[in-house]
Amino acid sequence: MLNGKTAVVTGSTSGIGLGVAKALAQQGASVMINGFGDANEIEAIRLSLERLSGAQAAYQDADMSKPAEVAAMIMAAERTLGKVDILVNNAGIQHLAPIEEFPADKWDAIIAINLSSSFHTIRAALPGMKKRGWGRIVNIASAHGLVASVHKAAYVAAKHGLIGLTKTVALETAPTGVTCNAICPGWVLTPLVQKQIDALAARDRMTEAEAKTKLLAEKQPSHEFATPDQIGGMVVFLCSDAASQMRGAALTVDGGWTAQ
Ligand code: NAD
């Protein structure tokens, strides 16, 4: 379905971003991945994406907290892959603390990576998409883009902001062939969530399995994690013709979290 299309997925060396990169490659897209990690593992991921897609895969180590590097990554993608048809803004970090104790530098980093980097990628990639008359922008927000939880001030603010940005870009691109939507996952078992499971297990003196059950029971009525592959499937759907009139939506994949 995506033969001849090119995609940039930020924060795709792990977790949801990696699931999205694989799903796009499976459909034949040429993908640029981004994020941190071990150089050999990243090269192995890049090669596996080329095998999946039968097309080129590339890697860029741009730090999403640095606007100049973000813009340079989009230029590098246009140079290396020829264009950017699909942009998935996924890079994100988390920090938990009550607001009075929330470190200012963590606030700044979360707003920069989880929100502002999407402004910078969209700004850089949109002119090319408009010129070619086709584009898909998918922002990985969160259930925390729709509702809040304690101790996540920066994350909740950034994700609510990302949904606002999604709606604005969707309106500005409404008369064009470019769409912009957000996906709002609930709990997905990735390194970002594993850290929260480990902290819960240590705090409440539980086993890891008990901490997982407690985490899910608090928020996710299905009592099951969503998976990176499922989020990837949603991105592929948003890239299809069936989704061409979906504009500015915030689509939940949250086991019922926000239906409560
Ligand atoms: P993860 O920690 O597994 O992956 C994060 C990715 O972002 C990694 O590739 C990492 O290297 C990269 N990254 C981190 N800081 C970066 C930076 N400064 N510049 C470039 N890349 C950077 O996390 P995940 O759970 O897969 O989260 C991915 C996205 O999904 C995030 O935006 C997160 O908020 C969102 N999300 C996750 C969940 C969940 O339950 N896991 C739920 C809702 C939303």
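In the predicted model, helix α1, which spans residues 15–26, packs against helix α2, which spans residues 39–53. The angle between the two helices is about 30°, and their axes lie 7 Å apart. Since angles under 35 degrees count as roughly parallel, α1 is therefore roughly parallel to α2. The crossing of this pair is right-handed. On the α1 side the contact is formed by Leu-18, Ala-21, Lys-22, Ala-25 and Gln-26. On the α2 side the residues are Ile-45, Leu-49, Leu-52 and Ser-53. By class, the residues of the contact of α1 with α2 comprise six nonpolar, two polar and one charged.

Helices α3 and α4 form another packed pair, with an angle of about 35° and an axis separation of 9 Å. Their crossing is right-handed. Helix α3 contributes Pro-67, Val-70, Met-73, Ile-74 and Glu-78 to the contact, and helix α4 contributes Ser-117, His-120, Thr-121, Ala-124 and Ala-125. The residues in the contact of α3 with α4 are six nonpolar, three polar and one charged.

Helix α4 also packs against α5, at an angle of about 15° and with the axes 8 Å apart. The two helices are therefore roughly parallel to each other. Here, too, α4 passes α5 in a right-handed crossing. From α4, the contact includes Trp-107, Ile-110, Ile-111, Asn-114, Leu-115, Ser-118, Phe-119 and Ile-122. From α5, Ala-153, Ala-154, Tyr-155, Ala-157, Ala-158, Lys-159, Gly-161, Leu-162, Leu-165 and Val-169 take part. This contact of α4 with α5 has 14 nonpolar residues, three polar residues and one charged residue.

The largest nonpolar core consists of 36 residues. Within this core, the residues with the most contacts are Val-8, Leu-87, Met-129 and Ile-137. Two or more residues each are given to the core by α3 (67–81), α4 (104–132), α5 (153–172) and β6 (178–185). Helix α4 supplies the largest share, eight residues. Apart from this core lies another, of 33 residues, whose members include Ala-23, Ala-29, Ala-226 and Val-253.

The surroundings of Ile-137 were examined with neighbours within four places in sequence left aside. On that basis, Ile-137 is in contact with Leu-87, Asn-89, Ile-122, Leu-126 and Met-129, among others.

Gly-128 is located in helix α4. With a relative accessibility of 9%, Gly-128 counts as buried, because the cut-off for that class is under 20%. Gly-128 and Asp-85 are 43 residues apart in sequence, and their C-alpha atoms are 8.2 Å apart in space.

Leu-251 belongs to strand β7. Its relative accessible area is 17%, so Leu-251 is buried. The C-alpha atoms of Leu-251 and Ile-183 are separated by 4.8 Å, although the two residues are 68 residues apart along the chain. With neighbours within four places in sequence left aside, Leu-251 is in contact with Ala-182, Ile-183, Cys-184, Met-234, Leu-238 and Met-246.

Gln-245 lies in the loop between α8 (228–238) and β7 (250–253). The relative accessibility of Gln-245 is 66%, so this residue counts as exposed, the cut-off for exposed being over 50%. Gln-245 and Val-178 are 67 residues apart along the chain, with 9.9 Å separating their C-alpha atoms.

Arg-205 is placed in the loop between α6 (191–203) and α7 (208–219). Phi of Arg-205 is near 50°, a positive value in a residue other than glycine. At 80% relative accessibility, Arg-205 counts as exposed. His-223, in the loop between α7 and α8, likewise has a positive phi, near 60°, and is a residue other than glycine. His-223 has a relative accessibility of 47% and therefore counts as partly exposed.

Conventions
Residues are numbered from 1 along each chain as its sequence is written. This is a predicted model: local features need pLDDT of at least 70, side-chain atom pairs count only at pLDDT 80 or more; totals for chains, interfaces and linings use all residues. Side-chain values use heavy atoms; hydrogens and water are left out. A nonpolar core is a set of buried Ala, Val, Leu, Ile, Met, Phe, Trp, Tyr and Cys residues joined through side-chain atoms within 4.5 Å. Buried means under 20% relative accessible area, exposed over 50%, partly exposed in between (1.4 Å probe, protein chains only). Helices (H or I, at least four residues) and strands (E, at least two) are DSSP runs, numbered from the N terminus. Contact means heavy atoms within 4.5 Å. Axes are lines fitted to C-alpha atoms, for helices over the stretch in contact, and angles run from 0 to 180 degrees between N-to-C directions. Angles under 35 degrees count as roughly parallel, over 145 as roughly antiparallel, 65 to 115 as roughly perpendicular and the rest as oblique. A crossing is left-handed if the near helix is turned anticlockwise from the far one by less than a right angle, and right-handed if clockwise. Ala, Val, Leu, Ile, Met, Phe, Trp, Tyr, Cys and Pro count as nonpolar, Asp, Glu, Lys and Arg as charged, and the others, Gly among them, as polar.
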